[in-house]
Amino acid sequence: MTIAEVCKKYQMTADTLRYYEKIGLIPPVPRTAGGIRNYDEESCRWIELMKCMRSAGVSIDALVEYVALFRQGDGTERKRKQILVEQRRLLAERMADMQKSLDRLDYKIDMYEKGLTPEEKLFSDKQQ
């Protein structure tokens with residue numbers, strides 16, 4: 001696949017794809033005889049993984065370390081797993097914080113559906 005096709009498929013910019021390759025988030029992409037990137041199935045799997053991980057908020061540094069360890073091969077499995085476990089823990093914390101915010105919003109919306117919240121009603125009474 002050309003870089004334009006990959007950009008369209010994954011809704012990413014060419015600059016992002018080149019950057020990911022440059023910093024090691026995705027292994028070097030195969031090239032044609034003319035030097036043009038030719039994304040194969042393996043490259044696309046890496047792009048999918050990185051897009052998913054970045055959407056989950058996993059840091060670039062953690063991903064660069066993960067890919068570097070992966071490329072080193074056998075003997076790095078424990079460290080790779082540790083990176084993933086830590087990133088999962090951080091994501092779970094963010095999700096818990098987001099759930100608290102969602103619960104608060106749901107509460108506030110419910111109060112509006114029932115009428116103004118007590119604090120807002122008190123405030124509006126003082127304005128009259």
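**A helix and its surroundings**

Author: On the face of H2 turned away from its buried side sit the exposed residues Asp-15 and Lys-22. Exposed means over 50% relative accessible area, buried means under 20%, and partly exposed lies in between, with a 1.4 Å probe and protein chains only. Helices are DSSP runs of H or I with at least four residues, numbered from the N terminus.

The model is predicted, with pLDDT of at least 70 required for local features and 80 or more for side-chain atom pairs, while totals for chains, interfaces and linings use all residues. Residues are numbered from 1 along each chain as its sequence is written, and side-chain values use heavy atoms, leaving out hydrogens and water.

Now the inner side. Leu-17, Tyr-20 and Glu-21 are the buried residues of H2. Seen down the axis, they fall within an arc of 95°, so they line one face of the helix. The arc is taken from the directions that run from the helix axis to the C-beta atoms. These buried residues pack against H1, H3 and H4. Just after H2 comes Gly-24, with a positive phi of about 95°.

Leu-17 deserves a separate look. Leaving aside residues up to four places away in sequence, Leu-17 touches Ile-3, Val-6, Cys-7, Met-12, Ile-26, Tyr-39 and Ile-47. Contact here means heavy atoms within 4.5 Å. Leu-17 is also among the residues with the most contacts inside the largest nonpolar core, together with Ile-26, Tyr-39, Ile-47 and Met-50. That core has 23 residues. A nonpolar core is a set of buried Ala, Val, Leu, Ile, Met, Phe, Trp, Tyr and Cys residues, joined through side-chain atoms within 4.5 Å.

Next, H1, residues 3–10. Its buried residues are Ile-3, Val-6, Cys-7 and Tyr-10. They cover an arc of only 105° around the axis, which puts them on the same side of H1. They pack against H2 (14–23) and H3. Ala-4 and Lys-8 are exposed on the face of H1 turned away from that side.

The loop between H1 and H2 holds Gln-11. Its phi is positive, about 50°, although Gln-11 is not a glycine. Most residues other than glycine have a negative phi. Gln-11 counts as exposed because its relative accessibility is 70%.

H3 brings in Ser-43. Ser-43 counts as buried because its relative accessible area is 8%. Its contacts, not counting residues up to four places away in sequence, are Val-29 and Pro-30.

Helices H3 (41–55), H4 (60–72) and H5 (77–114) each give two or more residues to the lining of the largest cavity. Its volume is about 50 Å³. A cavity is a set of points on a 1 Å grid over the protein atoms alone where a 1.4 Å probe fits but cannot get out, and lining residues have an atom within 4 Å of a point. Points are joined across faces, edges and corners, and the volume is the space filled by probe spheres set on them. The lining includes Leu-49, Met-53, Tyr-66, Ile-83 and Gln-87. By class, it has eight nonpolar, one polar and no charged residues.

Key: On a 1 Å grid over the protein atoms alone, a cavity is a set of points where a 1.4 Å probe fits but cannot get out, and a pocket is an open set with protein on both sides within 12 Å along at least five of seven lines; lining residues have an atom within 4 Å of a point. Ala, Val, Leu, Ile, Met, Phe, Trp, Tyr, Cys and Pro count as nonpolar, Asp, Glu, Lys and Arg as charged, and the others, Gly among them, as polar.
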